[in-house]
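Please read them with the structure open.

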Amino acid sequence: MFVGPRMKRDLVTVTPGATLEEASRLLKVHRIHHLPVVEEGNRLAGIVTDTDLRNATLDGMFGGGDRGDSGRPVTVGEIMTRELVTLSPGDTLDDAMLLLSRQRIGALPVVEGDRLVGVVTKADILSALLTTLDIAGIGVRIEVVLRRDVKEAARLIGVLGDADVEVRSFVLSPHGSDKYAAFIRVATIDVASVRDRLRQKGFAVGELSDFYEAG
Amino acid sequence: MAEYGTPATRGGGEPLPERDIFEGFDLLIAADRLFGADLDSSIIKKSGKGTPFLVRRHPSHHRMFALWRDLFANRVSPQEFLDALAPEVLGFVHADGLLLFGKDRVLYDCRIVRGNDEVGHLTLCFYREREPVFRFLPFPRRPGRRIVYIEGISLSAQSTGYASSLFRHYERLFHGLGFHRFRLKASLSVGKYYWAKEGFDCEDRKQFAVMRENLHALVRRLGLPVEEQEVRRLNHASMVATFRRDLKIPVYRNQEGYYSTARDGSHGEEILFPLGKAFLLCSDPWDGYKVIYTDTPRRTGFVWSEGFLDHESRPGHPESPKRLEALFTAIREEGMRESLIFLEPYLPAMESLHAVHDPAYLEAFREAVARGDRHFAVRDCAISGGSYEAALLAAGGVMAGIDAVLSGRADNVFCAVRPPGHHAGRDSAMGFCFVNNVAAGARYARSAYGVGRIYILDWDVHHGNGTQALFEEDPLTFFCSLHEHPSFCYPGTGRRMEKGKGSGLGATLNVPLAPHAGDRELLEAFERVVVPSIETFRPELILLSAGFDAHRDDPIAELECTEDAYVHMTRRVLELADRHCEGRVVSVLEGGYRTESLVSSAIAHIKTLQGREGSPCSSARE
């Protein structure tokens, strides 16, 4: 799960000298929210977002009187964010997820040295998750709570194997202090029989309500 | 939809007082219009003008009254009845119309005249079938269907327009009087074709099978460009009558006006007719019937065949032949066989299936069955040696239902088919489904009958992903599915955001329901979202993918509906169908895996299709 294969390589960029109008038009045409700003040699200089553009425009409208005409920003270089959080292609999607979540930002430029090579956005991460969990494909999720013991997990997989059921994805995650929650996506219409079989083998097969966390 | 009232019924079918009937007898006797016939109707003979019948004195008034009550429920007086039987149509009138009373039947006889010319003769016979209560014992018997037997009608040439109009009038009249069927022997040369064209069919299915075989033999003998499948899919005499109108073949007429497909000494005059018409003109006499009335406000067809049981799954598999066996047993035990119009499915033409599935996919399915595989594509889709034919027959069952509804032989139809179909996609079998029955039916309705806007409502507990995928770009086919939410239920599709694609955007509607939703939640969504979408779409035909696995007793999913929800939705769909498409609804069985709840839900659904009021599980009226 490295960033390289998942990042977007086909990028829309601007130069620091581009006007705000130009940048705004690019965002609109390509239906994107982030524009990396590059200098000669594809050297990453900053990033400008639709929020930056909006703020600059609003400042111009409401705060222009204070600064005078000459103070109003005209080029991308004047409003871009220069202190950037970036990734390299060798970083992992985990890194990307942690950064996006902790920094509360929408997109991360990927650089090799100081050269821009790609962008990873929240949407890319979501589609990676969808693929991993196979949520768009045919299947139903079964939720099982089991003792936090890998032998139990092995037994669970054994039961699924005996049932000859097609498993599309399988996620094991901590549940409370001494349990696992297993999220299994199976592709059979007769999921009721699979659930029954798991219950017969002593597994707690969850109802939706079991997974609501209090508060 | 059929008309329920007629001029001959009075006060909503209130019986007349006894003395009105008695007075009616006296009036007719005084006018020489009522006689007694010998109980053996075969001795009633024509014997020249003036005394057309060999008659006896009429039976006693009390005997006649008992018969009148049995046949007409005293809803019409004798003289009113005679008048109603003799309407003036297209300048034709009945002369010398009279009633003859036999032991268990009443006959009507008249001459047909136009101006001063006698152009024909008509004899009708009214009786009630007696059906053995136990199948193999002659006694006891219970009163069965009321029959109008067309003993004979002769008309000089160029009067068939009159006969059609007269029998259309009769159909309304006898519907109002509660007669169930016309019967006749189609024996006159023109009659053999004419009655089939008018919607009569063979009551004896073996006789029909012979008719179909003979047609096939004729096609082969003449080397006509007709596929065997085209003949095989005929399942009603009226389909034979209109078969391959584009192909004209020669027939030969003799001096009496009888036709033959071969020229010989007497059959010399060559005439060209369309294939189906030519065949019937030359066919053997056949016994025809036509449904007039079904004891229920709507005439509901029921597609059923033992062929659906030939698809067997492995032991413990939820989708087993027992589902249909139980449903059919319940139909019998509820006494619904008499009130349903049974329709035979047929093996559809492959081209009509290719409108839905890739030929290579169907071929792979056929090969898997032929090889003796235990399942096809996925383990859910268990197969046996009869699976391929059964799956094709199920699609042909929906087509037969569409034939019946669009030709007016039934107001609506329930197709008790299996294997189910709504998960099957263009080239994918899954979720117990192989051939998408409802989709094949929709495409057939469009190609064979030119139906434009078709609304498919799928209330199986699972999303109808196969049907959705087949129609999501088609703005003329609206697909709406009510199902348990895909995050909790197979197949994991059918989210609210799926609304169609391309020009079909907006013609797909998904209504997912949370686990454990019951009648209240289901019907709230149905009224709030589904009903307005039908109103806006104004369909010309409504198809139902009617699975009954959202029932609370069904183990396969977690919705908790009851029979009441199915009754409510059925009733509302019929109301909408009445408003937009003359009540045309074809309902196709999908899922439902607990036998008891499948049967009680399907019976409640079918009774509602028949227009019956009241609690869904009450027994049949009358």
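Predicted model: local features only at pLDDT ≥ 70, side-chain atom pairs only at ≥ 80, totals over all residues.

1. Local features are described here where pLDDT is at least 70.

2. Sheet in chain A. Start with the open sheet of 4 strands, ordered β6-β7-β5-β8 in chain A. Its pairing is antiparallel. The edges belong to β6 (167-175) and β8 (204-205) of chain A. Each has a single partner strand, so one side of each lacks a neighbour in the sheet.

3. The β5-β7 pair. Strand β5 of chain A covers residues 140-147, and strand β7 of chain A covers residues 179-186. The two run antiparallel and are joined by 8 bridges.

4. Sheet in chain B. An open sheet of 3 strands is found in chain B, in the order β9-β8-β10. Pairing is antiparallel here. β9 (259-260) and β10 (269-274) of chain B are the edge strands. Because each has a single partner strand, one side of each is left without a neighbour in the sheet.

5. The β8-β9 pair. Strand β8 of chain B spans residues 248-253 and runs antiparallel to β9(B). The two are joined by 2 bridges. Arg253(B) is placed opposite Tyr259(B) of β9(B).

6. Helix α12 of chain B. This helix has 13 residues, 359-371. From first C-alpha to last it reaches 18 Å, close to the 18 Å expected at 1.5 Å a residue. Which residues of α12(B) are buried? They are Tyr361(B), Leu362(B), Phe365(B), Ala368(B) and Val369(B). Seen down the helix axis, the buried residues of α12(B) fall within an arc of 120 degrees, so they line one face.

7. The face turned away from the buried side carries exposed residues, among them Glu363(B), Glu367(B) and Arg371(B). Just after the helix, Gly372(B) adopts a positive phi of about 85 degrees.

8. Contact between chains. Chain B contributes 17 residues and chain A contributes 12 residues. On the side of chain B that touches chain A, 11 residues are nonpolar, 4 polar and 2 charged.

Technical notes
Residues numbered from 1 in each chain as written. Chains lettered and ligands numbered in written order. Pairing = 2+ DSSP bridges. Contact = placed C-beta atoms within 7 Å. Nonpolar A, V, L, I, M, F, W, Y, C, P; charged D, E, K, R; others polar. Expected span 1.5 Å × (residues − 1). Buried ≥ 20, exposed ≤ 12 C-beta atoms within 10 Å, placed from the backbone. Arc of directions from axis to C-beta.
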